[in-house]
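Reader: Could you walk me through a helix pair and some backbone details in this model?

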Amino acid sequence: MAAKLINLLAISSLAILACSFGATSANALVTDHNLLARHPAAGHAGLAQRKRQSSSTKRCKPRPTTSSAAAAAVTPTTTTDTTTHTTTSSKQAAASSTPASSQPQAGSGASSGGGSKIGIAWALGDDPSLANFKTGGPLYTWSPYLPTNARELGFNPIPQLWGDKQIGDFTNLVVEGYADTVLGFNEPDQSGQSNMSPQHAADVWKQYIQPLANKGYKLISPACTSAPDSKGWMQQFFAACTGCTFDGLAIHFYGTSAQDLINYITDFHTTFGLPIWVTEFADQNFSGGAQANQGEVDAFMTQATDFMNGQDWVHAYFWFGVMHDMSGVNPDNQLMQGNGQPNALGYQYLGGN
Ligand SMILES: *[C@@H]1O[C@H](CO)[C@@H](O)[C@H](O)[C@H]1NC(C)=O
């Protein structure tokens, strides 16, 4: 147990964001093809860029490390925290009381703990700079690990079962009372990420996530990329996941139009009848051309967060990101300065409720 815990903390405390571009995978090539079809005006340079960045599917994940220095920097107290957060607000009641057969079965209602919907996706372990990004909202780490003081800082910390490789750590840590919500797999539709077929994901969900519903957890679905095939993946997953319940649908969005984001998440909400958790989003051009400038990123954030703040069915959102290394995403989306303080966009995000 101790050895396992230390190993987990070593993994999570560094949590260096490393992107996998997957340009040689079949999935990425198929996606490139789809994007090309949708953006026929894109030139040769655009194609090269897409292949480097795996089109709209480029994502980031914590990279495991075995550095003992990293492990030593972490105080392992997370497993003894039995605090529960069960606050719910009436506006966050279950979104779908009569799910159609083609829709997932709604669970007991979703919330991020009743607080703010401004989330923090956090990959810096127990770095003290977390105290500079208090939102009163949810926090997740792309892993089952939760920063030691996240709850003290007012966050509702939420473990994630990122994918197959975290099953051991997840089952050790995520017991009754560890948290009140759990997130499913990270980009299972992407070969460079958790890379799970809908059927396999449903099997893993049934075995490791669904039982948590009876232990007080709200269950948030896997989060696909914003690639064209993600909706089909979700439909197949929900069909395969018989007997599964969901309190929210997680989703990622990268693009340069906030209106596209609004249309995209609205479509997923309408299609699946679940509250939406946007667990990654940013102003990022995967079409091969120029990236947005700072003013455009600021405007994208304003429009997207204004909309999401106004929708009861958006329960949480997490900008990408609060980090030093943006891993290839347009650095104008960064919320953190080198000294760990928010930059101007960071303050805009924190004040966005
Ligand atoms: C993104 O790239 C496309 C394709 O090259 C380009 O047409 C578009 O103007 C770019 N978007 C922004 C916001 O610069």
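This is a predicted model: local features need pLDDT of at least 70, side-chain atom pairs count only at pLDDT 80 or more; totals for chains, interfaces and linings use all residues.

Reader: What is the handedness of the crossing of H7 and H8?

Author: Helices here are DSSP runs (H or I, at least four residues) and strands are E runs of at least two, numbered from the N terminus. H7 (residues 230-240) and H8 (residues 258-272) pack at about 20 degrees, with axes 12 Å apart; axes are lines fitted to C-alpha atoms over the stretch in contact, with angles from 0 to 180 degrees between N-to-C directions. A crossing is right-handed if the near helix is turned clockwise from the far one by less than a right angle, and left-handed if anticlockwise. For H7 and H8, the crossing is right-handed.

Reader: Is Trp142 buried or exposed?

Author: Trp142 sits in the loop between strands E5 (138-140) and E6 (156-157), and its phi is positive, near 60 degrees, though the residue is not glycine. Buried means under 20% relative accessible area, exposed over 50%, and partly exposed in between (1.4 Å probe, protein chains only). With a relative accessible area of 0%, Trp142 is buried.

Reader: Which residues does a cis peptide bond join?

Author: Most peptide bonds are trans. Here, with omega about 0 degrees, a cis bond joins Phe320 and Gly321.

Technical notes: Residues are numbered from 1 along each chain as its sequence is written. Side-chain values use heavy atoms; hydrogens and water are left out.
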